[in-house]
Amino acid sequence: MSTMADEQERWKHDAMQMVKQQAFHMKRALDAGNLRDGLKHASNMISELRTSLLSPKNYYELYMATTDELRHLEAHFAEDQRGPNKRSMLELYELVQHAGNILPRLYLLITVGGVYIKSKQAPARDILNDLVEMCRGVQHPLRGLFLRNYLLQMSKDKLPDAGSEYEGVGGTVDDAVHFVLYNFSEMNKLWVRIQHQGPVREREKRERERQELRILVGTALVRLSQLDGVDLALYKSKVLPQVLSQLVSCKDAMAQHYLLECVIQVFPDEWHLQTLEPLLEACSQLQPGVDVKAILVALMSRISAFAASDSATAIGSEPTAEAVASLAASSEGAFPLLTKYVTMLTTSAAAALELTDALALQLALLEFALKAHPARYDYADSVYASVAIILASSPSSLPSPAVKLLTHLLVAPLDGGGSPGVGAGGG
């Protein structure tokens, strides 16, 4: 009797064989100058991605094999543009839209679209907006997620970013940000919807599959952080508000936790220090299942390390007086803000924090105070006052992890605020 793993392997093998076979015929037709047959075989090859049989891991392998073969088609179109009898890219762009099924049609459109942008026969902005809108035609969560990932990868070096060859006539930094943000938003919606696919009894399996797929959504945030044209002003006014809006409105605990972790990791620590209030406000609107304590500890650890570093090194080799003043003001205002939200979380009945979690938050807050404001003893005093309140309502016999955290709280001022206990004790 075959197991599910055996069936998965067989389905994947059959699909891979079809991809190889159709790719062979595609290349042969293209070499013979028969574009229509080449596109027909390319469409047949991509049609294997219409399957609903494969697990995310096996679908990913099939996707990689298929998109690897699509590079040959992209190279053919690019080579054609260098020849004396090159086709109009608009003609090619319209030709591939004759594919019968929407999924092959969109993969082909994205492939041609990349070459179309490079040819500069139309503004990058217009092609990117066209593609990102048309991808809405695929609403199957798994297929749509991988399709949008392909769009993200294809467009990586073709956005009208600051200093890019496509900036100007091809669009602006705002256009690049809009494209990546819109694609990210749609990817997150598809990722969240996976939990509603299939019977209730398979919910745990779907949650495991979502964990496997989360990096696809995170990649979009990484791409945003890599845009040269995104500075602090644009991040504060457009990028962060839209990311947080999508994150809060999706009302999904897994997505909220993972995406907040991504935001904290991929964007500069200085920006977190200067956008602390909206970040903390978002943390207060998360679903009950989100480990807010872990997110706050990670955030405080990042900004405390940054605030303790030399401002000239952190901001740049030659910081302006305004930049230094702005950083100092942000750092000064951070402690009261952090204290407010840590207190809200610690005293919230809905959060129902364990003693060790409450102490881990106080330790992270203390380390921020000691590193960012070593001369402000009143900040440390306020943390110890909060710890005393927490202990007053706790059992007289403390568990070992709580004792360990208390020890770190007491010795933190003696070792300059550094402690290995936040992560270890808070877990």
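1. The axes themselves are lines fitted to C-alpha atoms, for helices over the stretch in contact, and the angles run from 0 to 180 degrees between N-to-C directions.

2. The structure is a predicted model, in which local features need pLDDT of at least 70 and side-chain atom pairs count only at pLDDT 80 or more, while totals for chains, interfaces and linings use all residues. Residues are numbered from 1 along each chain as its sequence is written, and side-chain values use heavy atoms, with hydrogens and water left out.

3. Helix α8 (residues 173-193) packs against helix α9 (residues 203-226) at an angle of about 170°, with the axes 9 Å apart, and the two are therefore roughly antiparallel to each other.

4. Rings of Phe, Tyr and Trp (its six-membered ring) pair if their centres lie within 6.5 Å, and planes under 30 degrees apart count as stacked, over 60 as edge-to-face and the rest as tilted. By this rule the count comes to 10 aromatic pairs. The rings of Trp191 and Tyr258 have centres 6.0 Å apart and planes at 70°, so this pair is edge-to-face. Both residues are buried, a word that stands for under 20% relative accessible area, with exposed over 50% and partly exposed in between (1.4 Å probe, protein chains only). Elsewhere, ring pairs link Tyr59, Tyr60, Tyr63 and Phe146 into a cluster.

5. The axes of helix α17 (residues 355-372) and helix α19 (residues 400-411) come within 9 Å and cross at roughly 15°, which makes α17 roughly parallel to α19. The contact includes Leu359, Leu363 and Leu366 of α17 and Leu405, Leu406 and Leu409 of α19. The residues of this contact divide into 10 nonpolar, 3 polar and no charged.

6. His373 lies in the loop between α17 and α18 (377-392), and His373 is buried, with a relative accessible area of 8%. His373 and Phe335 are 38 residues apart in sequence and 9.1 Å apart in space, C-alpha to C-alpha.

Terms used:
Helices (H or I, at least four residues) and strands (E, at least two) are DSSP runs, numbered from the N terminus. Angles under 35 degrees count as roughly parallel, over 145 as roughly antiparallel, 65 to 115 as roughly perpendicular and the rest as oblique. Contact means heavy atoms within 4.5 Å. Ala, Val, Leu, Ile, Met, Phe, Trp, Tyr, Cys and Pro count as nonpolar, Asp, Glu, Lys and Arg as charged, and the others, Gly among them, as polar.
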